[in-house]
Amino acid sequence: MKRLQIKCLSWGSISKVTMGNPNAGFTEGNIQTAKKIVAPDGSAFNYVSGQCQRHGLRERFAEIGEALSTPVDGEVETTLGDPLNYIDDDLFGYMIAVTGDNRKRTSPVRIAPLVSLFPYRGDRDLLTKTRKASDKGGNMVETEVYSAYLRGGGLIELDRVGKFDPSEIKETTLEIQKEERLRRLNLFLDSMMTLWTGGKQTNILSDISPKFITFAFQTVKLPFLLESVSCDTKGKIMAETLIDSITNYSSIIDRVIIGTTKVLDASALDGGVPETVEVLPMTDAFSRVKEILSTI
C-alpha cells in the first residue's frame with residue numbers, strides 16, 4: 001500500500017517564450033530590463049520569479065470566480081489569514097504579525113522560478129510613447145526581450161493542504177472536508193495548466209504555460225525534477241537525463257505522469273520509459289494527476 005504514504009506531488013516543466021519580457025527587472029535609464037541571474041561562468045539567464053507565477057495563479061483563481069483573501073491595509077500588508085475559507089491562504093500561506101494575533105502558515109505549495117535554459121543574448125525592443133513624438137526623435141524607450149525555453153517546477157505538500165496546525169489559525173477546526181481539499185488542488189492544477197501572467201502583455205503577449213511537464217507522486221518531499229527536465233536549442237526533450245533521474249529516485253516515487261505537446265519534441269521518450277511512467281497528451285496528463293489525487 002505504498003500509495004498511502006504519498007506525501008507530495010512534485011513537477012518539472014518547460015515553457016516556451018518566442019519573444020517576451022513577462023517579468024521585468026529594474027529600470028536602468030530609459031531601459032526596462034528583464035530579470036536575470038548570472039551563472040558561475042558569467043552567462044546571464046532570464047527568469048520569471050516564483051512570486052510572479054503565484055500572482056498569475058491568484059489571477060486565474062479570481063477569473064474562475066474563487067473568493068480570495070483580501071489584502072489588509074496596515075503597516076505590513078498581509079492577507080486575512082483564513083485558510084478555512086480561502087484557497088490562497090491555504091495553498092500559499094501567510095504571516096499575521098499584529099498585537100495579540102501572531103500566526104504564520106508556511107506555504108504547502110512551493111514554486112521554483114522559470115529559468116531560461118540558454119543565456120540571454122542582449123536583445124531589446126524599441127518602443128515609443130506616441131508616433132508623433134517618435135517622428136521628432138523623442139520619448140523613445142527600450143525593453144529587454146528574449147526568446148527562451150524556460151525550465152521551472154514546484155512541489156505540493158499533499159499532507160498539509162487543507163490541514164492546519166493550531167498555531168496557524170484562530171479556529172479550533174484543524175482540517176477541511178476532503179471534497180473541498182480536492183477541489184482546491186484541482187483548481188490549482190487547472191490554473192497551472194493555463195498560466196499566463198506578467199508585464200508587457202499588451203504589446204508583447206507571451207505564454208508561460210507548460211509545454212512539457214513531468215509530475216511525480218512521492219513518499220519523500222524532494223523537488224528532484226527541478227534539475228531533471230531539459231531540452232536542446234531546437235526544443236527536443238533530453239529524455240536520457242529525465243529517465244536517469246526517475247531511475248535514481250525510484251525508491252521515493254510512487255508513479256510518474258508526463259504531459260506533452262507538439263510545441264516540444266518529446267519523441268525521445270518513445271524509446272522506452274520505466275513502467276511507473278505514463279506519457280500522455282498535456283490535458284490527459286493533468287486529468288490523470290487529478291484522478292490519482294482523488295484516491296489519496
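## A proline in a loop

P223 comes out at 34% relative accessibility, so it counts as partly exposed: the cut-offs are under 20% for buried and over 50% for exposed. Keep in mind that this is a predicted model. You'll find P223 in the loop between β12 and α5. From G162, P223 is 61 residues away in sequence, and the C-alpha atoms of the two are 21 Å apart in space.

## The sheet

Now for the strands. An open sheet is built from 8 of them, in the order β4-β5-β8-β11-β1-β12-β13-β14, with mixed pairing. At its edges sit β4 (36-38) and β14, each pairing on one side only. On average, neighbouring strands here are turned by 25° against each other, ignoring direction.

Take β1 (residues 8-20) and β11 (residues 146-157): they run antiparallel and are joined by 11 bridges. One place to look is S13, whose bridge partner in β11 is G152.

## Helices against the strands

Which strands does helix α1 lie across? Helix α1 (residues 50-64) lies across β5 (44-48) and β8 (109-116), and runs at about 115° to β8. Helix α6 (residues 282-293) lies across β1, β12, β13 and β14, at about 155° to β13.

Then there's α5 (residues 239-248), where the buried residues are A239, L242, S245 and I246. These cover an arc of only 135° around the axis, so they sit on the same side of α5. An α-helix has 3.6 residues a turn, which means that residues three or four places apart point the same way. The buried residues of α5 pack against β12 (212-218), β13 (253-260) and β14 (277-281). Over on the other side of α5, E240 and N248 are exposed.

## Rings and a charge

How many aromatic pairs turn up in the whole structure? A search finds 4. In one of them, the ring centres of W11 and F188 are 6.0 Å apart and the planes are at 55°, so this pair is tilted. It links distant parts of the chain, with W11 in strand β1 and F188 in helix α4 (residues 178-193), 177 residues apart. Both W11 and F188 are buried.

F61 and F92 make a stacked aromatic pair, with 6.0 Å from centre to centre and 15° between the planes. Because F61 is in helix α1 and F92 in helix α2 (residues 87-92), the pair ties together parts 31 residues apart in sequence. F61 is buried, at a relative accessible area of 0%, and F92 counts as buried too, at 6% relative accessibility.

Finally, look at Y120: K36 lies over the face of its ring, 4.9 Å from the ring centre.

Notes
Residues numbered from 1 in each chain as written. Predicted model: local features only at pLDDT ≥ 70, side-chain atom pairs only at ≥ 80, totals over all residues. Heavy atoms only, no water. Buried < 20%, exposed > 50% of the residue type's maximum accessible area, 1.4 Å probe, protein only. Helix = DSSP H or I, 4+ residues; strand = E, 2+ residues; numbered from the N terminus. Arc of directions from axis to C-beta. Contact = heavy atoms within 4.5 Å. Pairing = 2+ DSSP bridges. Axes fitted to C-alpha atoms, helices over the stretch in contact; angles between N-to-C directions. Phe/Tyr/Trp six-rings, centres within 6.5 Å; stacked < 30°, edge-to-face > 60°. Lys NZ or Arg CZ within 6 Å of the ring centre and 35° of its normal.
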